[in-house]
Amino acid sequence: MKATKQREATPGEELSRLRSALGAERGPRAVLLRGDERYFRTGAADSLLAWAKPRAFELARHDAEDPDFSLRGLVDDLLSPSMFASERAVFVRAAARLCKKEGSQHSEFTRAALAFLQDKSIGGILVIDAEGLRADHALTKAVSESGGLVLSLRRLWDSPPPWDPDPRKTELVQWTMARARELSLPLTLDEALYISAATGNDLFAIDTQLERVAHRGKESVRSLVPWNSGASPFAVCDALLSGDAARSLSGLEALFKGGFQGKDGERETDAAALQAILLSTLRARAARTLAVALDTRNLESVANPRERTELEARARLRPVARWRSLHEDALELERRTRTPAGLDIHDLVAFALRHKLARSGGAR
């Protein structure tokens with residue numbers, strides 16, 4: 001029998017693992033912070049720093065993006081005993097760039113980190129913040145094998161799945177509610193939805209808005225929280241594929257008026273760039289959905305459990321002929337972006353209306 005793929009842990013579950021490890025008598029040998037949500041990685045690193053300080057570790061902090069960063073100094077901290085304490089806590093930020101191979105060999109940092117993990121005579125803890133480090137990287141495997149923690153701290157889902165379209169149930173809205181409770185801030189679910197939608201998938205910014213709302217007095221959340229959010233091209237793409245015309249049209253308007261925030265924290269507002277991201281995503285997801293509509297065995301190659309479930313639910317929304325038509329339409333739109341005439345938001349609106357689904361039965 002084929003083994004069932006393990007469900008991906010949520011960021012909250014990953015952070016709970018960290019809290020449990022730090023509550024033990026002896027902390028982990030190493031902690032690797034992966035994933036594209038900087039808010040969670042920063043919070044986890046702060047928790048580890050707060051845990052290390054009262055334990056008389058010698059603190060060694062290195063940031064690969066700092067102009068004064070010294071690889072030699074980092075390697076020395078990993079391979080030499082502490083001179084001022086019995087153990088050393090080495091924190092390395094933006095470490096992904098330090099893990100790239102040098103030809104066929106591991107990088108100098110990777111070799112030093114592997115040596116630290118293997119040499120039990122060197123006490124202490126190694127904390128690595130490496131956003132894009134692969135799960136099959138030698139350092140990722142070594143941290144796990146040493147008894148350390150590998151935490152995958154992804155961004156929260158900010159769009160509802162096709163099988164449950166209630167936007168209040170997204171991870172982002174649920175996190176906003178939970179964060180408000182941590183701050184002892186009374187907030188309704190609809191208010192949390194508004195703050196999340198108005199601010200976008202930026203947890204630092206949502207924190208700022210919650211602080212503003214905490215001092216609101218009798219003012220409403222809507223009067224205090226400005227609408228700064230563009231839409232995610234990926235969320236708009238999902239709305240187009242699910243045939244939700246209302247969500248597609250409002251998403252297109254927000255996307256092309258306000259842009260969206262990329263993983264680097266910068267806001268992309270260039271119309272040509274937005275079209276390229278949206279249409280390449282639409283074409284690729286339409287192709288995958290069409291493949292599943294043609295033959296459900298094509299789901300076997302999809303590793304991510306959530307993506308697999310979403311694909312299966314989405315494929316049932318239309319017959320194969322209509323998925324083929326949508327896919328061909330998406331290809332044509334992408335082709336037109338490379339012609340002198342190009343296309344604009346009106347062409348995308350027309351696409352949304354051509355492929356909308358009645359909000360009844362299986363096509364909610």
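Reader: At what angle do helix α14 and helix α15 pack, and how far apart are their axes?

Author: Good place to start! This is a predicted model, where local features need pLDDT of at least 70, side-chain atom pairs count only at pLDDT 80 or more, and totals for chains, interfaces and linings use all residues. Residues are numbered from 1 along each chain as its sequence is written, and side-chain values use heavy atoms, leaving out hydrogens and water. An axis is a line fitted to C-alpha atoms, for helices over the stretch in contact, and angles between N-to-C directions run from 0 to 180 degrees. Helix α14 (residues 320-336) and helix α15 (residues 345-354) pack at about 180°, their axes 11 Å apart. Angles over 145 degrees count as roughly antiparallel, so α14 and α15 are roughly antiparallel to each other.

Reader: Which residues of α14 and α15 make the contact?

Author: Contact means heavy atoms within 4.5 Å. From α14 come L326, D329, A330, L333 and R336, and from α15 come D347, L348, F351 and R354.

Reader: Is T289 buried or exposed?

Author: Buried means under 20% relative accessible area, exposed over 50% (1.4 Å probe, protein chains only). T289 has 0% relative accessibility, so T289 counts as buried. T289 sits in helix α12 (residues 271-294). Beyond neighbours within four places in sequence, T289 contacts L311, R314, A315 and W323.

Reader: Which residues touch the most other members of the largest nonpolar core?

Author: Such a core is a set of buried Ala, Val, Leu, Ile, Met, Phe, Trp, Tyr and Cys residues joined through side-chain atoms within 4.5 Å. Here the largest has 40 residues, and L33, F40, L48, I125, L187, I195 and L203 touch the most other members. Helix α2 (residues 38-52) gives the largest share, eight residues.

Note on methods
Helix = DSSP H or I, 4+ residues; strand = E, 2+ residues; numbered from the N terminus. Parallel < 35°, antiparallel > 145°, perpendicular 65-115°, else oblique.
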